Amino acid sequence: MLTFFSYKAKKEAFDQGMAKTRRSFWTQFSKAVAGKSQVDDVVLDALEELLIAADVGVATTVKIIERLEQRVARDKYLTTTELDQLLKEEMAELLVASNSPQVADSLPIPYVILVVGVNGVGKTTTIGKLAAQYRQIGQQVILGAADTFRAAAIDQLQQWGKRAGAVVVACGRHKDPAAVAHETIQEGLRVKADVMIIDTAGRLHTKVHLMQELAKIRRTIQKLIPEAPHEVLLVLDGSTGQNAFVQAEAFTKATAVTALAITKLDGTAKGGVVLGIADQFQVPVKYIGVGEGITDLQVFDRHAFVESLFAGRSA
Ligand SMILES: Nc1nc2c(ncn2[C@@H]2O[C@H](COP(=O)(O)OP(=O)(O)O)[C@@H](O)[C@H]2O)c(=O)[nH]1
Ligand SMILES: [Mg+2]
């Protein structure tokens with residue numbers, strides 16, 4: 001387990017990041033259950049509405065409500081306090097798939113991460129933060145600027161590389177992303193890098209194009225390291241709610257996504273998107289972004305996540 005910054009500082013950053021989601025969720029829920037001592041249809045209806053408003057998604061919301069209904073039917077009398085506990089358990093349960101391996105020293109070396117996602121979700125920022133975390137535990141990191149579509153993208157990755165202490169391989173604009181991936185892996189092998197992270201453009205103008213581009217990058221990487229990429233990290237902007245679902249759908253179809261990073265949870269009331277996406281796509285949420293700074297990327301912990309949603313509930 002990574003000790004990037006102290007547990008307390010980390011917990012505070014995380015709780016702050018989740019503040020908006022928590023506030024809107026519980027304020028409304030408290031209104032709905034005010035004066036009630038028992039869970040009934042009205043309470044469950046209110047909860048259903050709230051989960052949907054928090055962008056948990058319809059399918060996952062229905063799943064949660066159905067399970068709670070079963071409990072109410074079985075136990076007959078369920079208090080709203082017990083409901084809190086049940087809801088916590090249900091949410092943690094849905095996030096089971098998210099017990100993904102941590103940033104650790106037991107990774108294969110070299111470890112290749114391909115980072116995908118649409119423009120603006122926070123790919124480059126996440127790569128910078130991630131590079132810093134790997135550097136922190138003494139890994140040599142190399143970054144590949146394979147988003148060759150936008151001029152600023154290469155500069156931005158270079159700046160993050162400087163900040164994090166990672167070498168950046170850039171071949172200029174309009175170059176074939178697969179060629180940049182190739183050079184990155186080659187250079188990584190030459191300098192014996194531990195971790196290689198490749199940034200991509202992830203344009204979603206057609207699904208066929210996306211699929212072909214990612215397949216080509218993958219093939220190119222595999223020519224040099226057959227078992228790579230070890231991780232395909234899909235970055236989603238948590239503040240875009242349902243759009244994040246649409247993107248998850250397109251990318252998981254286009255390529256074998258192995259982990260998710262959900263960013264911008266600091267500025268949104270839509271943190272519920274984490275639950276819905278983890279449940280519906282069965283891809284582990286590995287990281288969450290809770291700010292723009294270099295330390296604002298956390299390894300996702302489902303229990304901490306659920307606790308954070310519930311923190312201050314009784315306050
Ligand atoms: N508040 C906040 N902003 C973020 C986070 N992650 C990225 N950003 C911002 O989102 C914007 C787009 O990020 P960028 O990494 O360039 O996205 P890319 O196009 O996918 O590479 C930048 O202004 C970042 O600072 C996050 O976790 N929280
Ligand atoms: Mg970028």
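I began with contacts, meaning heavy atoms within 4.5 Å. Of the contacts in the protein with a separation of 6 or more, 78% are between residues 24 or more positions apart.

I noted the ground rules. This is a predicted model, where local features need pLDDT of at least 70, side-chain atom pairs count only at pLDDT 80 or more, and totals for chains, interfaces and linings use all residues. Residues are numbered from 1 along each chain as its sequence is written, chains are lettered from A and ligands numbered from 1 in the order in which they are written, and side-chain values use heavy atoms, with hydrogens and water left out.

I checked the confidence, pLDDT, which the predictor gives each residue from 0 to 100. The average is 86, and 90% of the residues score at least 70. Residues 1–6 have pLDDT below 50, and this stretch has 13 contacts in the model beyond near neighbours in sequence.

I looked up burial (under 20% relative accessible area, 1.4 Å probe, protein chains only). Of the 315 residues, 55% count as buried.

I listed the DSSP runs (helices, H or I, at least four residues; strands, E, at least two; numbered from the N terminus). There are twelve helices and eight strands.

I then took helix H5 (residues 80–94) and helix H12 (residues 302–310), whose axes come within 9 Å and cross at roughly 145 degrees. Axes are lines fitted to C-alpha atoms over the stretch in contact, with angles from 0 to 180 degrees between N-to-C directions. Among the residues making the contact are Leu-87 and Met-91 of H5 and Val-306 and Phe-310 of H12.

Definitions and conventions. Buried means under 20% relative accessible area, exposed over 50%, partly exposed in between (1.4 Å probe, protein chains only).
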